[in-house]
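Subject: Structure for your review

Dear colleague,

Please find below the structure that I am handing over to you. My findings follow it, beginning with the aromatic residues.

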Amino acid sequence: MKGKRRRNKIWFLKVWLGCLTVTVLLVAGSWTAYLLRGKMAQEAQVAVADEEDAQESAPDMELPEKERQDAAGAEDADAGAADAKAPDAEDPDGEAPDAGDPDPDSPDTGAADAERPAAEDALSGQAEEKLSAMTIEQKVAQMFFITPEALTGYEKVTAAGEATAKALEQYPVGGLVYLAQNLQNPQQTMEMLRNVQTYAKETEGLPLFLSIDEEGGTVARIGNNEGFSVAKIPDMAQIGAAKDASLAYQAGETIGGYMSEYGFNLDFAPDADVLTNPQNQVVKKRSFGSDAQLVTEMSLQFAKGLQEHQILACFKHFPGHGATQGDTHEGFAYTDKTLEELYEQELVPFQAAAREQIPFVMISHISVPNVIGDNTPTSLSHRMVTDILRGEMGYAGIIITDAMGMGAITENYGADEAVVQAVQAGADMILMPQDFRSAYRSVLDAVSAGEISERRINASVRRILRVKLGL
């Protein structure tokens with residue numbers, strides 16, 4: 001009996017322990033579930049807060065991206081503007097259109113036209129109006145740049161009076177270049193230039209280009225003239241050796257100051273030749289040096305100094321006299337460089353002249369047989385003047401020959417033949433032909449004979465008019 005009661009107690013105890021275990025497990029599970037639910041809720045709140053913070057900070061994160069897009073847009077706009085300013089292709093008739101020349105056969109370039117300054121559009125319109133009213137004789141006369149002696153027939157000219165006025169009525173030339181013999185003192189020079197400019201405006205309705213060679217140093221018609229007390233400018237070789245472009249600017253600004261005061265508006269300077277041939281004596285002192293980038297920067301700064309006084313600059317002597325053997329003043333001069341080699345050094349300043357819209361570039365009489373295949377002087381070469389300078393390099397300003405009385409021309413060509421060939425090559429202005437009147441008639445005869453089209457003449461005169469009307 002006692003054994004039975006003991007077994008019952010053990011069974012009861014096991015049941016109780018089992019129930020207690022189940023109760024404990026149930027309570028523990030509930031508590032764990034409670035804790036888990038609380039943690040999940042807390043994490044959910046944190047997640048929501050983080051998302052809200054992210055949304056609040058999102059505009060700040062997008063701003064740099066917007067700035068990058070704006071910058072990219074600005075770069076695209078700049079690229080578009082550069083494309084709009086790219087030079088036109090060469091004209092099939094041998095006339096590379098310059099910027100702003102109307103061409104009815106060209107596609108519409110509304111964007112480029114819209115970007116052109118209003119002043120330039122106005123000048124183009126005035127130039128077209130003036131051009132349409134000119135006779136062929138007046139147009140051809142504008143393409144000549146001569147001495148006052150060649151204009152009047154006098155042996156030495158130091159004044160501008162009735163003879164000058166009558167000569168301009170008959171031959172309304174584009175420009176006059178003065179030498180040291182024409183310049184006696186400031187008062188005489190100012191009166192002479194003031195008078196001749198008055199006659200030109202009364203006769204032609206246009207100003208004359210009035211120029212001298214005033215590079216500084218050894219080439220200075222005024223600076224080396226005892227009748228004038230002006231600041232002496234050293235040779236450009238000395239300025240270039242200092243490697244300080246501000247000195248070139250100061251030289252141009254000084255020269256421009258006194259040229260403007262006396263009545264000039266164009267300087268046949270700077271000398272933009274890169275001296276790549278150490279034996280070259282023609283431009284040894286006149287060149288800024290042998291480094292193409294230095295010569296380019298110095299030349300641009302010199303031109304900028306001139307422009308401070310409204311004096312037009314003229315880069316010379318395309319395609320670069322610094323590499324030549326010989327002197328074109330005396331006779332045949334050449335360089336054996338290829339076009340690729342010229343682009344690496346000698347042509348660098350002239351490419352800058354095209355980019356910076358320097359108003360004049362002077363083409364030399366040097367020969368480049370490894371570029372064009374023969375010894376034709378650059379000034380008479382369509383390949384050099386129209387295809388390369390006007391076409392490939394995109395120069396849109398006035399192209400003027402070096403003096404046509406130099407030995408490189410006179411010893412190898414007839415005077416009139418050379419002038420006609422220069423115009424056919426693409427020159428806009430002919431500087432100092434041997435016999436102006438004969439050269440003038442030869443161009444008119446070539447137009448009459450169909451050897452030079454009036455369209456070709458118009459292209460040059462249009463460029464001349466635009467620059468003159470902006471003076």
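One aromatic cluster is formed by Phe-144, Tyr-171, Phe-436 and Tyr-440; here rings of Phe, Tyr and Trp (its six-membered ring) pair if their centres lie within 6.5 Å, and planes under 30 degrees apart count as stacked, over 60 as edge-to-face and the rest as tilted.

Please note that this is a predicted model, in which local features need pLDDT of at least 70 and side-chain atom pairs count only at pLDDT 80 or more, while totals for chains, interfaces and linings use all residues. Residues are numbered from 1 along each chain as its sequence is written, and side-chain values use heavy atoms, with hydrogens and water left out.

Aromatic pairs

The whole structure contains 12 aromatic pairs. The ring centres of Tyr-171 and Tyr-440 are 5.5 Å apart and their planes stand at 85 degrees, so this pair is edge-to-face. It links distant parts of the chain, 269 residues apart: Tyr-171 belongs to the loop between α6 (162-170) and β2, and Tyr-440 to helix α17 (residues 436-448). Helices (H or I, at least four residues) and strands (E, at least two) are DSSP runs, numbered from the N terminus. Tyr-171 counts as buried at 8% relative accessibility, and Tyr-440 counts as buried at 7%. Buried means under 20% relative accessible area, exposed over 50%, and partly exposed in between (1.4 Å probe, protein chains only).

Phe-318 and Phe-350 form an edge-to-face pair, with 5.6 Å from centre to centre and 90 degrees between the planes. Phe-318 is in strand β7 (residues 314-318) and Phe-350 in helix α12 (residues 348-355), so the pair ties together parts that are 32 residues apart in sequence. Both Phe-318 and Phe-350 are buried.

The sheet

An open sheet of 5 strands, paired in parallel, has the order β6-β3-β2-β1-β10. Strands β6 (266-267) and β10 (430-431) are at the edges with a single partner strand each, so one side of each has no neighbour in the sheet. Two strands pair if DSSP finds at least two bridges between them. Strand β1 (residues 144-146) pairs with strand β2 (residues 175-177) over 2 bridges, and Ile-146 stands opposite Leu-176 in β2. Leu-176 also has Leu-210 in β3 as a bridge partner, and β2 and β3 are joined by 3 bridges. Between β3 and β6 there are 2 bridges, with Ser-211 opposite Leu-266 in β6.

In strand β3 (residues 209-212), Phe-209 and Ser-211 point one way and Leu-210 and Ile-212 the other, and all are buried.

Helix α7 (residues 186-204) has 19 residues and reaches 26 Å from its first C-alpha to its last, close to the 27 Å expected; the expected span is 1.5 Å times one less than the number of residues. Its buried residues include Met-192, Leu-193, Val-196 and Ala-200. Seen down the axis of α7, the buried residues fall within an arc of 160 degrees (taken from the directions from the helix axis to the C-beta atoms), so they line one face of the helix. After α7 comes Gly-205, with a positive phi near 75 degrees.

In helix α16 (residues 415-425), the buried residues include Ala-418, Val-419 and Val-423. Gly-426 follows α16 and has a positive phi, near 125 degrees.

Yours sincerely
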